[in-house]
Amino acid sequence: MLEEIGPFLEVLLGGLMAGVLYALVALGFVLIFKASGVFNFAQGAMVLFAALTLVRLMEVLPFVLAFAASCAIMVALAFAIERLVLRPLVNQEGLILFMATIGITFFIDGFGQTLWGSDIYTLELGLPKSPWIILDPPLPGGILVSPVDVFAAVTAGALVAGLAVFFNRTKVGRALRAVADDHQAAQSVGIPLNTIWLIVWSVAGVVALVAGMAWGTKLGVQFSLALVALKAIPVIILGGLTSIPGAIVGGLIIGAGEKLAEVYIGPAFGGGIENWFAYVVALLFLLFRPQGLFGERIIERV
Amino acid sequence: MLYREAGQFKTSYEADQSIFPIMQDRWGIAAILAFAFLAMPFLASEYFFRAVMIPFLILALAAIGLNLLVGYCGQISLGTGAFMAVGAYAAYNFAIRVPELPHLVTLLLAGGVAAVVGLLFGIPSLRIKGLYLAAATLAAQFFIDWLFSRVKWFTNYTPSGSVAAPQLNIFGWVPDAPSEKYLLCLGFVTVFALVAKNLVRSRIGRSWMAIRDMDIAAEIIGIRPMHAKLSAFAISSFIVGVAGALWGFVHLGSWEPLAFSIDRSFSLLFMVILGGLGSILGCFLGAAFITLVPIFLNQVLPELGIKLDTATVSHLEFMIFGALIVVFLIAEPHGMARLWQVGKEKLRIWPFPH
Amino acid sequence: MQARITGALAAAITAGLAGLWAGSASAQGEMNWPTLVYRTGAYAPNGIPFANGQADYVALVNERDGGINGVKLAYEECETGYATDRGVECYERLKGKLGGAVAFSPLSTGITFALTEKVPGDKIPLLTAGYGRSESADGRVFTWNFPLLGTYWSAADILIQHVTKVSGGADKMKGKKITLVYHDSPYGKEPIPVLQDHAAKLGYKFEAIPVTHPGVEQKAAWLQIRQGRPDFVFLWGWGVMNSTAIKEAVAVNYPRNKMYGVWWAAAEPDVMPTGDDAKGYNGLALHPSGTAFQVHTEVFKHLYDRGKGTSKREEVGHVLYNRGLIDAMLKVEAIRTAMKQYGNKPMTGEQVRWGLENLNLTAERIKEIGFDGLVTPIKVSCLDHEGSRKARVHQWDGKHWNFVSDWIEADTKYLRPKVEAAAAAYSAEKKIAPRSCS
């Protein structure tokens, strides 16, 4: 029995850790959707761009400076997107905005690689790579825990805590929540919509940078990072488009679910099922609860 | 001056309801078709057929299919590539397992299979829409990709999972030369474009547009959303499936699931957006644009004396597509087709604009 | 706004079309050398050095010798992004220029499969050195394919020979466990039949775990490996998948010295991102790495010292760079062989095919062109389009690749019947009558 539990826990843990990383990307989606109603497909491209910026700057600058500079660049990017894309498209339907962000995705992908190159870059944060072995006495062989994953989990936790404080305790946060509730009402009590959007996109840019750091230390910084956006989509559908806790819980469920499915069900189907498994889970979920786990009920009027 | 409908009176209901009510349009279309069918096969080089015309025509066909769904019925799809794959693999399996079937039937049956699969993945659209539906179609994309690379029956147990299409034979005609392949594609595209053009004016097309503009309102005035949405998914997938079969049989010849990956889905969506949502003409313009830009960057820039390295060109392509999508959505959400229409309006009053 | 967009678009499209019609002008004394590359996307880290090696060798031949016997090579790249449809498009775009392409080497098994259907009609040879479809070694059916240096079936056979030796003989293989982690594409699936075959013969347990394109999701695969604890892991990956695999191996504590990559999964971009953690990782090598060869001296002298090199100077001599050099060299030598037969003028694809089929790269000739130590003699024939099927195993020590085995030759007696059977099946399906080689 113990022989069975060890591997199971390990797969579960590995899945949860992957889920934390999905959640980090999903967080960026949720932030922007909450505040501006835009489903930002470009979040994945922003992750790639942020990570590329950081890793290339780290070649010439110490980490702290490079991080600060990358943050500044992400804010500048947010500024550009708000000015050049969102403002002219204000009041358009969600679908049009969504397609516009697909355009942004392609632009950032091309631009980032032209600017920073398309090689594979190593992001070295000085973390030990060999795994720790825990629970060895009760379980034969123990459970492997990767320090990189733990770092990612801790960072994600810190980020969520920070965002929670930001949203609930600061004036800007209150304004953000007001905008999320009702654009027009918020505007009519004097909350500047454009500034709020700028702030949200900047925060999403910084979240992308953190997500890029976490993914980058694991996989190396390379074009494929942009594809994590596709992993985050089932997460937010499961968690609900407007819920930050939803993004985290959804990430964990999807991460753990797909790894367990791959290891325990996958071999029966010839493997490789994790790519669509998350989507199918999200889809089934959609049919029964369209607003997601924590999302707000969607009410439509003619 | 050149393009003026003054004096063209519609004296019967048929005339009022014809596809191209203006004489100049009728002549224009006839001239283009005559040129495409009669002159082009003798004029263009092999390269022009294989690298430009054939992909352009097939992609335009797929774009027509997608546009019926996205542009007319308002149901977004990010899984077009997968439905093309269904068409291609269905055609392959019919062709090698039932070799007695005439290949024309095989290609249409492939469309039929794609229609059924499209119908299945369209079912969620009854309950969800917009972004959620986009996610559902992504599920179709990933699942179908996986299916064709994993279930060996679909690839006739080839060890590498790559399949090679048999030579097409349309009732004794073997389209082998590039100009013949071109004519085959042109035939398909012409027929389906006319069918689509008629379809969107018909009862079913109008019900699609009603659903697109406001589904709840459409339901209240008596349009059955299930009927409208599922028929849009089925018909759209049918055309996309036929395009997929042509893409495999005529353009690639041999393929693997990766040839119908999500990149294909995105590029088709781009064609539809850039060309014009809800316009058949737009599908052609969009397909032409997406096919020609890379060729333009690769071939014409060096001849103008601008030498870029390969990586830059390909990144530039990404940036141009991305930027243009945004520019079009902001400046002209109805795409190039709308620009063309504006041009026509101008021509009408040229050279004396008031 | 609208008028301006319309104007700009119209101008661009007109210019584009004009360029296309005019595109096929031909110049005298030049040969069309098309190169399908990928310098972008998930496979760029591996595609770039290979492309650079090719570009440099062509530039060297043009700079130093003024072309091949006075015929300059017109080198042109086309970006495929490792995508089959873009590869086909590139092929169509480049094949007709300057009176026809000399040969194509797509560096992608998927594109090779697609082009295999097209090259017989266009009469252009397909050089797939170290990749491509394994049964195309049979030149009677696959007249236009040349998988020189070794196919994946040869690679699988060589790896099994090596691990058998490491384990201490064929009798020790019984009950062992080998897991293949493969790129889920025609490339990754190629070795499976041979590995399964050997499993039945030698009695080891074989398991294959697919990794979906592009290969950054491998957690589940490696958790399975951790549970199964195989004795050896074979890695059939490409691009970012390889370095990810090594990282995941580190994360589950799988010993790197029990991992063996195919020759496409054993180069610098695969191990460098993991640095010291990749120490002990093994892989097949078709040739040595490093710059200690005559040809590199020439490359430095004629190109890099004059600022004409394509690559970063410090990346000259990397495994994939050297493979690019060799790939280009094989084509150049085939063209030379063809010129001996047909005269010193631009060669057509058909003539180059003859040159490839009659290519006989002796030790002497290898020394003359500066590849001494880099390649072993190759002799191609109508029956055998593979030419040579040898590889060594090398190991990463954190800085360099070091050889840990001698040259191992794939077992022709075992593989040839398999190749012929597969080729016969292909010719039956396609209704091609095999050529007679006598």
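Predicted model: local features only at pLDDT ≥ 70, side-chain atom pairs only at ≥ 80, totals over all residues.
Mentor: Residues are numbered from 1 along each chain as its sequence is written, while chains are lettered from A and ligands numbered from 1 in the order in which they are written.

Trainee: Which element gives the most to the side of chain C that touches chain B?

Mentor: Two residues are in contact if their C-beta atoms, placed from the backbone, lie within 7 Å. On that basis 42 residues of chain C are in contact with 40 residues of chain B. Elements supplying at least two residues each to the chain C side include α3 (84-94) and α8 (192-202) of chain C; helices (H or I, at least four residues) and strands (E, at least two) are DSSP runs, numbered from the N terminus. With 9 residues, the one that gives the most is α1(C).

Trainee: How many nonpolar, polar and charged residues does the side of chain C that touches chain B have?

Mentor: Ala, Val, Leu, Ile, Met, Phe, Trp, Tyr, Cys and Pro count as nonpolar, Asp, Glu, Lys and Arg as charged, and the others, Gly among them, as polar. By these classes, the side of chain C that touches chain B has 15 nonpolar, 14 polar and 13 charged residues.

Trainee: Which element of chain B gives the largest share of the side that touches chain A?

Mentor: This contact takes 35 residues from chain B and 41 residues from chain A. On the chain B side, the elements giving two or more residues are α6, α9 (215-220), α11 (262-275) and α13 (310-331). The side divides into 29 nonpolar, 4 polar and 2 charged residues. Its largest share, 13 residues, comes from α13(B).

Trainee: Is Leu89(A) buried, partly exposed or exposed?

Mentor: Leu89(A) sits in the loop between α3 (63-86) and α4 (94-116) of chain A. Leaving aside neighbours within four places in sequence, its contacts include Ile96(A), Leu329(B) and Ile330(B). A residue is buried if 20 or more other C-beta atoms lie within 10 Å of its own, exposed if 12 or fewer, and partly exposed in between, with C-beta atoms placed from the backbone. Leu89(A) has 17 other C-beta atoms within 10 Å, so the word is partly exposed.

Trainee: How are α4(B) and α6(B) set relative to each other, roughly parallel or roughly antiparallel?

Mentor: The axes of α4 (residues 80-97) and α6 (residues 131-150) of chain B come within 8 Å and cross at roughly 30 degrees; axes are lines fitted to C-alpha atoms, for helices over the stretch in contact, and angles run from 0 to 180 degrees between N-to-C directions. Residues making the contact include Ala85(B) and Tyr89(B) of α4(B), and Ile144(B) and Phe148(B) of α6(B). Angles under 35 degrees count as roughly parallel, over 145 as roughly antiparallel, 65 to 115 as roughly perpendicular and the rest as oblique. The two helices are therefore roughly parallel.

Trainee: Is the crossing of α6(C) and α8(C) left-handed or right-handed?

Mentor: The axes of α6 (residues 152-167) of chain C and α8(C) come within 9 Å and cross at roughly 35 degrees. Among the residues that meet are Trp153(C) and Ile160(C) in α6(C), and Leu195(C) and His198(C) in α8(C). A crossing is left-handed if the near helix is turned anticlockwise from the far one by less than a right angle, and right-handed if clockwise. The crossing of α6(C) and α8(C) is right-handed.

Trainee: How far apart in space are Ala228(B) and Ile204(B), C-alpha to C-alpha?

Mentor: Ala228(B) is placed in helix α10 (residues 225-252) of chain B. It counts as buried because 24 C-beta neighbours lie inside 10 Å. Ala228(B) and Ile204(B) are 24 residues apart in sequence, and their distance in space is 7.0 Å.

Trainee: What is the value of phi near which Tyr82(C) lies?

Mentor: Tyr82(C) is in the loop between β2 and α3 of chain C. With 30 other C-beta atoms within 10 Å, Tyr82(C) is buried. Its phi is positive, in a residue other than glycine, and is near 65 degrees.
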